[in-house]
Amino acid sequence: MIQAANVTLRLGKKALFEDVNIKFTEGNCYGLIGANGAGKSTFLKILTGEIEPSKGEVIVTPGQRISFLKQDHFQYDEFNVTDTVIMGNERLYEISKEKDALYMKEDFSEEDGIRASELEAEFAEMNGWEAESDAATLLNGLGIETELHDKLMKDLPASDKVKVLLAQALFGNPDILLLDEPTNHLDLEAIMWFEEFLINFDNTVIVVSHDRYFLNKVCTQIADIDYAKIQLYAGNYDFWYESSQLMIKQMKEANKKKEERIKELKEFIQRFSANASKHKQATSRKRALEKIELDDIRPSSRKYPYIDFRPNREIGNEVLTVEHLSKTIDGVKVLDDISFIVGREDKIAFVGSNTIASTTLFQILAGEMEPDEGTYKWGVTTSVSYFPKDNTTLFDSEETIVEWLMPFSPEKDPTYVRGFLGRMLFPGEDGVKKVNVLSGGERVRVMLSKMMILGSNVLIMDEPTPHLDMESITALNNGVIKFPGVVLFTSQDHQFIQTIANRIMEITPGGLIDKMSTYDEYLENDEMARKRQKLSVQVEENED
């Protein structure tokens with residue numbers, strides 16, 4: 001058990017946490033959620049003791065070991081992989097090294113023998129003899145091959161370092177496991193193994209993650225940070241989201257009824273308080289009015305953008321025909337004889353590790369690149385909006401957001417454009433922000449505003465979610481599900497793909513795989529497909 005008792009943390013005048021009381025118990029996996037800046041990572045550091053609260057205390061059951069996923073990818077560069085994992089249990093690692101040093105002494109004394117005997121007993125009690133095989137099991141489960149276990153950490157690619165640090169956090173069956181964005185930069189096979197590990201883990205887990213699919217899979221409770229407090233909800237992320245939306249709706253409806261009753265009573269009192277015959281009734285209604293209390297609805301501090309893609313024109317039966325497309329870039333054949341036909345109800349996810357191929361295909365279909373061979377033809381009723389993976393050059397401008405968006409607007413009126421920006425959480429004054437100073441998340445929201453303004457009936461989206469927070473991802477996800485047109489997209493967000501796509505395509509060295517199915521069905525029916533989802537991982541932080 002780990003507990004926060006009256007924990008307050010002040011940063012200047014602002015209270016990030018105010019009198020937080022929460023208990024995390026054995027056998028549960030808690031998803032710690034909250035808007036950007038709510039203090040999720042900070043709260044984990046308070047629990048580990050890395051940050052001292054301004055007031056209150058963290059209470060841990062005596063003798064229990066806390067393990068915290070470290071994100072410093074260079075801290076262990078001079079250690080080998082196996083030792084780095086075993087360091088997850090600091091005491092066990094210390095015993096092992098002290099024991100080895102004693103046995104290497106040339107003048108091994110009687111006193112050394114007694115000390116070695118004590119260390120051996122403690123080592124055995126901590127399952128020290130199984131440490132290397134336990135470390136190997138974790139590493140292999142996460143996809144680190146056995147031949148890499150003796151290599152130095154500095155010789156590993158960044159994607160493998162991430163996995164080793166995760167294995168370190170999991171090592172030695174910690175009593176309390178704290179994880180900050182543990183699935184970042186993991187490939188699909190590693191995530192699936194990790195999900196199973198956590199589902200079968202008997203101790204306490206507290207996890208911060210932007211991956212809704214992962215939270216739904218592993219969490220038994222949600223700990224929601226809002227208004228400097230933390231509220232516990234039973235169930236996974238989707239259950240929390242639906243129930244929190246329902247709760248606000250019910251409170252609003254209850255308040256609406258109360259407001260109507262108050263209005264009726266006030267009108268009656270006004271009409272009859274001066275009338276002697278009705279005076280008694282007016283007085284009783286006045287008492288009734290005083291008893292009615294409106295519930296104090298505090299809408300969440302989270303802000304969900306309103307994303308609604310409305311096509312200006314219904315799409316016809318002929319959408320897109322691609323025939324024998326090929327493209328070579330820098331001597332590498334990226335697309336090789338690709339052919340397919342898109343139907344009017346298709347929402348197609350392009351999946352797999354070959355992200356260069358899907359990006360190149362999207363650039364060709366958006367008219368930004370010419371194929372070397374083959375043709376493609378859009379239907380006469382189609383209008384296309386394209387969301388590129390790299391938007392850097394698009395925002396290399398001194399224009400304000402409103403000026404940047406104006407050419408795409410059918411109404412050449414700044415107020416019309418500002419309406420779309422308001423939906424995307426840019427208040428009035430933000431419209432005059434220059435586009436070249438926008439963060440990654442802000443640029444994505446401007447791009448989505450552009451797509452809504454254009455009113456196209458075909459959306460091509462290449463990785464739209466990486467820079468978005470959970471609220472924006474949820475809003476975009478729901479907006480694309482509701483969109484009545486055609487979608488061609490890529491994403492690394494499992495839930496985004498699963499809830500949107502009705503057709504899966506994967507460009508492989510052997511050709512194009514094209515299946516009418518959901519993403520989960522595609523993965524379940526083909527073990528090799530799961531292995532092909534492994535992406536080339538780069539260690540980088542989200543900007544928003």
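This is a predicted model: local features need pLDDT of at least 70, side-chain atom pairs count only at pLDDT 80 or more; totals for chains, interfaces and linings use all residues.
When neighbours within four places in sequence are set aside, the residues in contact with T474 are R212, Y237, Y241 and Y304.

Attention now turns to charged side chains. The model contains 26 salt bridges. One of them pairs R310 with D308, at an N to O distance of 2.5 Å. The two partners fall into separate accessibility classes: R310 is exposed because its relative accessibility is 57%, whereas D308, at 12%, is buried.

A further salt bridge, with an N to O distance of 3.0 Å, links the side chains of K434 and E398. K434 is placed in the loop between α13 (414–423) and α14 (440–454), and E398 in the loop between β14 (384–387) and α12 (401–405), so this pair ties together parts that are 36 residues apart in sequence. With a relative accessibility of 38%, K434 is partly exposed; E398 reaches 53% and is therefore exposed.

The side chains of E442 and K433 also form a salt bridge, at 2.7 Å from N to O. Here E442 has a relative accessible area of 13% and is buried, while K433, at 28%, is partly exposed. Elsewhere in the model, salt bridges with shared partners connect D224, D226, R302 and E471 into one network.

Technical notes:
Residues are numbered from 1 along each chain as its sequence is written. Side-chain values use heavy atoms; hydrogens and water are left out. Contact means heavy atoms within 4.5 Å. A salt bridge is a side-chain nitrogen of Lys or Arg within 4 Å of a carboxyl oxygen of Asp or Glu. Buried means under 20% relative accessible area, exposed over 50%, partly exposed in between (1.4 Å probe, protein chains only). Helices (H or I, at least four residues) and strands (E, at least two) are DSSP runs, numbered from the N terminus.
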